[in-house]
Amino acid sequence: MSRRFNHGDILSGAVLAALGIYVIAEARVWTYYASDGPGPAFFPTIQGVALIGLSLVLIVRSLRHPLAAKEHKVDWPGVARALATWGALAVNIALIELIGFLLAFALLTFFLVVVIFKRSPLVGAATAVGCALAFYVTFPVLLGLSLPVGPLGF
């Protein structure tokens, strides 16, 4: 295999482009735009198109500027942070049903700030409370939309 094609960005770009095509294909069964505004297919379609476009940019960039083998090293601490973030998001989704959106989101924010970005717990707590409050003011108060609530009522 040519050195040009022996690059993870090309493979990951191709897989992400395929994912974008799948998202668009799945969204086609839903309404894209209705008389009262965007339908359920609107955002998935836009996300699929963006995913395909950005994947193609990644592939083209990798083909035009291939890295030398010695320059291409895996950033294992970065990989660990990315996986921890995905894990935290998965736990957050499960917690929303148990404790409600605002508390789950505040815990996710605290984890990201303290563990992933390595800030102090005080900064993490302030950021978590501020972000949860911003969500509450934006959605239930200003827009009149309800967020999932837990047994504590928030």
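A salt bridge here is a side-chain nitrogen of Lys or Arg within 4 Å of a carboxyl oxygen of Asp or Glu. The model is predicted. By that rule, the count comes to 1 salt bridge.

**The salt bridge**

The partners are Arg-61 and Asp-9, whose side chains meet at 3.9 Å, N to O. Arg-61 lies in helix α2 and Asp-9 in helix α1 (residues 8-27), so the pair ties together parts that are 52 residues apart in sequence. Are these two residues buried, or partly exposed? Arg-61 has 47% relative accessibility, so it counts as partly exposed. Asp-9 is also partly exposed, because its relative accessible area is 22% and buried means under 20%.

**Helix α2**

Helix α2 covers residues 42-64, and Gly-53 is found in it. At 32% relative accessibility, Gly-53 counts as partly exposed.

**Helix α3**

Helix α3 runs over residues 76-99, which makes 24 residues. From first C-alpha to last it reaches 33 Å. That is close to the 34 Å expected at 1.5 Å a residue. The helix also bends, by about 25 degrees at Ile-93.

Which residues of α3 are buried? They include Gly-78, Ala-88, Asn-92 and Ile-96. What covers the buried residues of α3 includes α4 (101-116). Gly-100 follows α3, and its phi is positive, near 95 degrees.

Leu-143 has its place in helix α5, residues 121-143. At 52% relative accessibility, Leu-143 counts as exposed, because the exposed class means over 50%. Leu-143 also belongs to a nonpolar surface patch of about 680 Å².

**Accessibility by residue**

The table collects the relative accessibility values given above.

| Residue | Relative accessibility | Class |
|---|---|---|
| Asp-9 | 22% | partly exposed |
| Gly-53 | 32% | partly exposed |
| Arg-61 | 47% | partly exposed |
| Leu-143 | 52% | exposed |

Terms used. Residues numbered from 1 in each chain as written. Predicted model: local features only at pLDDT ≥ 70, side-chain atom pairs only at ≥ 80, totals over all residues. Heavy atoms only, no water. Patch = residues over 30% accessible without salt bridge, like charges linked within 9 Å, V, L, I, M, F, W, Y side chains within 5 Å. Areas by Shrake-Rupley, 256 points an atom, 1.4 Å probe, with all protein chains shown as cover. Helix = DSSP H or I, 4+ residues; strand = E, 2+ residues; numbered from the N terminus. Buried < 20%, exposed > 50% of the residue type's maximum accessible area, 1.4 Å probe, protein only. Expected span 1.5 Å × (residues − 1). Bend = angle between axes of the 7 residues up to and from the residue. Contact = heavy atoms within 4.5 Å.
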